[in-house]
Amino acid sequence: MTLDTLLPAAIVFSSLVPGLLIFLVAEESHRLRILLNLSGALVKLLFVAIMIWGVYHDHNYESRLTLAPGLDLVLQADALSVLFVTLSTLLWLVTTVYAIGYLEQTPNRSRFFGFFSLCVSSTVGIALAGNLFTFLVFYEILTLTTYPLVAHRGTPESIRGARIYLIYTLSGGVLLLTGTVWLHALAGPVTFTQGGMLGAVPTEQHGTLIAIFVLLLGGLGVKAALVPLHGWLPESMVAPAPVSALLHAVAVVKAGAFGILRVVYDVYGIELADALGLLTLLGALASATILYGSLRALAQDGLKKRLAYSTVSQVSYIALGASILGPVATVGGVVHLVHQGIMKITLFFCAGNYAETLGIHRVSQMDGVGRRMPWTTLAFSVGALGMIGLPPIAGFVSKWYLGLGAVTAEAEWVLVVLGLSTLLNAGYFLPILYRAWFRPAPEAWPEEHIPPGRLETMGTLLWPPVITAGLCLIAGLLAEAPFSPLEWTELIARREYGL
Amino acid sequence: MDSLALAVALPLLAALLATVWPARATLLGLLGALATAAAALMVITEVWEHGQLSTALGGWDIPLGIALAADGLSAALLAMTALVGLAISLYAAAYFDGRQAMHFWPLWLLLWTALNGLFLAGDLFNLYVTLELLGLSAVALGALGGDRAAVAASLRYLLVSLLGSISYLLGVVLLYTAHGSLDLARVAAALQPGPVAAAAMTLMIGGLTMKAALFPLHFWLPPAHASAPAPVSAALSALVVKAAVYLILRLWLDLFAPLVTTGAAMLLGGLGAAAVIWGSWRALHAERLKLLAAYSTVAQIGYLFLFPPLFQATPPGPGRDDLLAALVLMILTHGFAKSALFLAVGVIQKRSGHDRIAELGGTAQRLPATTFTLGLAGIALIGLPPSGSFTGKWLLLNGAFASGQWGWILVILTGTLMTAAYVFRVLSRAFNLEPTPPGFVTDARTELPALLLAAIAAIGLGLAAAPLWPLLGGGEDGT
């Protein structure tokens with residue numbers, strides 16, 4: 001028992017244990033709950049910092065528990081898992097602060113924060129999974145722990161949204177289970193290996209490998225919201241804002257996208273996936289999703305719904321990057337895992353602020369809101385312009401590398417997709433910014449819950465989006481600095497392609 | 001006295017004491033439950049250390065005396081019975097009072113005696129005796145509710161139970177006439193394929209499938225399990241049905257191993273598949289929670305019968321060891337999950353006076369711990385990670401893929417989705433706009449035993465099942 005074997009498990013437990021304790025906390029013990037939440041988040045951050053340092057120096061961390069002969073639950077750390085773990089941990093901390101403010105005076109907070117912590121535990125479990133079996137275990141647990149959060153408000157709409165969410169994700173889970181067991185029966189324990197682990201499978205089994213890939217993609221595509229498996233995401237927007245922000249912008253959809261990265265790079269290996277024609281399938285699905293999501297976003301008046309369709313579209317950039325052969329496109333796809341996360345969480349925080357402060361739920365109600373809530377609207381603008389791909393915000397970096405990767409790989413059609421998508425992004429985001437900054441404000445806001453004071457809204461609601469908007473700028477401006485998302489992603493790509 | 005005899009004698013003694021001293025029945029019952037669980041623990045430790053145990057009661061060796069024996073399989077079931085039994089006892093101490101307690105404890109301890117006796121019996125006739133005792137005490141417990149429906153369901157249960165035992169007994173008579181012995185090991189050694197052995201197998205296993213409520217012989221189970229008081233339903237669904245399954249498994253693997261044909265295995269598998277689909281379908285449309293739980297038992301028993309065709313297709317070795325361990329794991333997980341479910345339903349029923357699914361609104365707020373129990377038990381029933389049945393289902397699917405039996409895969413996956421549908425149909429009703437609860441636990445004496453059982457099923461058995469392999473004797477031959 002050393003640090004090397006304990007650290008990955010400790011990262012999972014640092015939110016699991018506080019989560020379980022929070023369930024037992026009496027509803028009115030507000031401070032105890034905050035203490036548990038924040039200490040868990042800070043301890044996790046500390047552990048993750050140690051892990052980043054170790055992985056950078058080629059250190060191996062692995063926790064292992066044998067469930068049955070040949071069936072191990074393995075948590076390990078490579079560069080890709082560290083990227084996702086860091087993203088989840090940082091954003092968990094920010095979102096916890098936000099949720100404390102957002103849920104003040106609402107019922108059932110112990111239940112909410114309990115499941116919230118369990119969700120984060122399963123997300124880092126997904127990130128640290130060392131084989132496909134472990135990935136599957138945490139992937140399913142994530143489904144289960146998110147369900148009560150979507151249903152949290154207990155209204156008929158939220159229960160309906162939660163049911164739709166569950167139908168999609170559990171069906172996807174069954175597909176993933178089938179594919180995983182099949183692969184296991186064919187090739188033995190499916191350990192994530194840089195460069196892939198299916199090279200030894202004889203060519204006459206390649207048909208089976210294609211079928212298995214389709215099953216896995218079907219399972220992962222549900223959470224990654226690939227069209228036509230995306231239907232749950234807009235329906236889940238009935239959840240409270242912190243849930244939409246962290247889970248539906250970061251944890252859940254990223255779990256699907258991250259799984260696609262794992263399957264393409266570390267199970268099949270990108271060369272084999274290319275030889276089997278699987279990258280074409282993935283690329284086609286991703287492109288269709290990018291365009292379809294943006295088109296649907298154009299037509300939404302509900303702010304959260306518009307953001308949800310934008311998520312559908314943007315998450316597929318990650319899959320698109322994985323579908324192009326070559327390290328540059330890999331960098332573009334993987335770095336978008338982080339960039340899309342910080343940009344989208346900013347947008348959702350802001351949407352929550354508009355709703356909580358002024359009762360604004362629709363785009364058509366946003367006229368002149370920039371003058372009433374300048375900081376929130378500024379953060380929103382950074383996120384939105386980043387999504388469009390305006391330099392120097394993080395989103396530009398992603399699109400640049402994706403485009404460059406496509407040109408290197410002679411897949412020029414990707415440029416068409418990127419161009420169209422950027423136009424559509426502008427089409428659904430710029431009108432919002434125009435309304436917010438340039439239209440005159442109405443006589444009265446729909447429901448003004450929080451009157452203007454020294455700050456435009458509560459501090460716990462305001463700081464999180466301002467901080468994450470700052471991260472979007474830093475990730476873009478300092479993209480070449482050491483330990484920036486881009487630099488780290490280049491490390492991943494180098495190790496993945498053995499450069 | 002050695003542990004095997006204690007495991008049977010202690011609950012019997014406690015049952016007798018509770019009968020002669022009814023005013024102290026609850027206290028005696030709890031002490032008896034503790035002592036029985038301790039004896040079971042002794043048996044398990046000894047089996048873990050020595051692999052196999054056997055003893056001849058009263059110093060008379062077979063073929064004259066009564067032999068008790070234990071191996072990994074019986075130890076595993078004994079352990080499940082001990083833990084579930086202990087939780088049911090704690091729960092019942094708070095659930096029953098007055099006359100009901102007086103009637104409950106002797107019968108319940110007698111039922112436990114019969115279960116332990118059945119798991120430890122080493123010969124065919126003792127198996128019959130314990131099977132009969134089990135059936136009778138189960139029927140009497142089921143009628144404890146005392147209303148018309150409960151009595152009618154119990155009478156039907158009695159009839160089925162007797163039919164099943166008689167069919168089993170006829171098979172035993174055939175074997176005894178042919179081989180002159182009742183000892184399991186001796187008969188197994190002497191058994192020759194032929195019409196007598198085939199007839200005996202059909203009669204014995206046929207009779208037992210009736211007791212195990214395998215589709216289409218399940219008709220008696222839902223009314224009987226749904227009309228009994230909650231702790232009794234828990235015992236019936238989690239333990240009593242498993243005793244028949246255990247016996248079928250014992251006969252199938254040990255006694256009739258040279259006789260079983262692929263056709264017979266396919267027949268059992270087919271019936272199991274039908275049970276999975278039909279049971280889940282009925283559970284999905286049940287209006288009351290207890291009926292849902294009872295139909296879910298029908299479906300879950302079905303999963304267990306998907307194993308025989310895979311046993312047939314898998315040669316001895318690691319693959320077969322995995323299948324056996326998976327089967328035992330699924331039996332255990334269902335035992336813990338279903339007892340937890342029934343106990344939780346009992347809490348809801350006592351609190352709100354009914355168990356209609358459509359009117360469960362607010363349970364999540366009023367009874368958080370019990371809703372948690374429902375959730376955890378549901379996870380184990382669906383077979384989602386990290387439950388024991390997830391590992392079991394994984395190995396089952398793996399075996400089906402490895403032997404190319406695609407049909408079963410489809411059944412398992414369909415069953416999984418249907419189970420998820422009926423479990424979440426209940427859970428989604430639990431949320432509504434009720435105010436916040438004062439605390440997580442509202443009635444510790446009934447809520448905690450149920451929660452503990454559910455946690456064992458949904459987490460413990462999934463993460464800590466590895467010792468099952470060496471216990472069942474598969475680990476040492478170099479997997």
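Colleague: With 9 C-beta neighbours inside 10 Å, does A:Glu410 count as buried or exposed?
Modeller: A residue is buried with 20 or more other C-beta atoms within 10 Å of its own, exposed with 12 or fewer, and partly exposed in between, the C-beta atoms being placed from the backbone. A:Glu410 has 9 of these neighbours, so it counts as exposed.

Colleague: Before we go on, what kind of model is this?
Modeller: Residues are numbered from 1 along each chain as its sequence is written, while chains are lettered from A and ligands numbered from 1 in the order in which they are written. Local features need pLDDT of at least 70, side-chain atom pairs count only at pLDDT 80 or more, totals for chains, interfaces and linings use all residues, and the model itself is predicted.

Colleague: Back to A:Glu410: what is its phi?
Modeller: Helices (H or I, at least four residues) and strands (E, at least two) are DSSP runs, numbered from the N terminus. A:Glu410 sits in the loop between H16 and helix H17 (413-438) of chain A. Although A:Glu410 isn't a glycine, its phi is positive, at about 55 degrees.

Colleague: And B:Ala213, is that buried or exposed?
Modeller: B:Ala213 also has a positive phi without being a glycine, at about 60 degrees. You'll find B:Ala213 in the loop between H8 and H9 of chain B. With 28 C-beta neighbours inside 10 Å, B:Ala213 counts as buried.

Colleague: How far apart are the end C-alpha atoms of H8(B)?
Modeller: The expected span of a helix is 1.5 Å times one less than its number of residues. H8(B) has 17 residues, so it should span 24 Å, and the distance between its end C-alpha atoms agrees: 24 Å.

Colleague: Which helices do the buried residues of H8(B) pack against?
Modeller: The buried residues of H8(B) include B:Ala197, B:Met201, B:Leu208 and B:Lys211. Contact here takes C-beta atoms, placed from the backbone, within 7 Å of each other. The partners, both in chain B, are helix H6 (148-179) and helix H10 (230-255).

Colleague: How many nonpolar residues are on the side of chain A that touches chain B?
Modeller: In this interface, 31 residues of chain A are in contact with 35 residues of chain B. H6(A) gives the most to the chain A side, with 12 residues. Ala, Val, Leu, Ile, Met, Phe, Trp, Tyr, Cys and Pro count as nonpolar, Asp, Glu, Lys and Arg as charged, and the others, Gly among them, as polar. The chain A side has 4 charged and 7 polar residues, and the nonpolar count is 20.

Colleague: Which residues does A:Val120 touch, leaving out those up to four places away in sequence?
Modeller: A:Val120 is in helix H4 (residues 109-128) of chain A. With 32 other C-beta atoms within 10 Å, A:Val120 is buried. Its contacts are A:Ser15, A:Ser88 and A:Trp92.

Colleague: What separates the C-alpha atoms of A:Leu177 and A:Leu132?
Modeller: A:Leu177 belongs to helix H6 of chain A and is buried, with 25 other C-beta atoms within 10 Å. Along the chain A:Leu177 and A:Leu132 are 45 residues apart, yet their C-alpha atoms are separated by 9.8 Å.

Key. Two residues are in contact if their C-beta atoms, placed from the backbone, lie within 7 Å.
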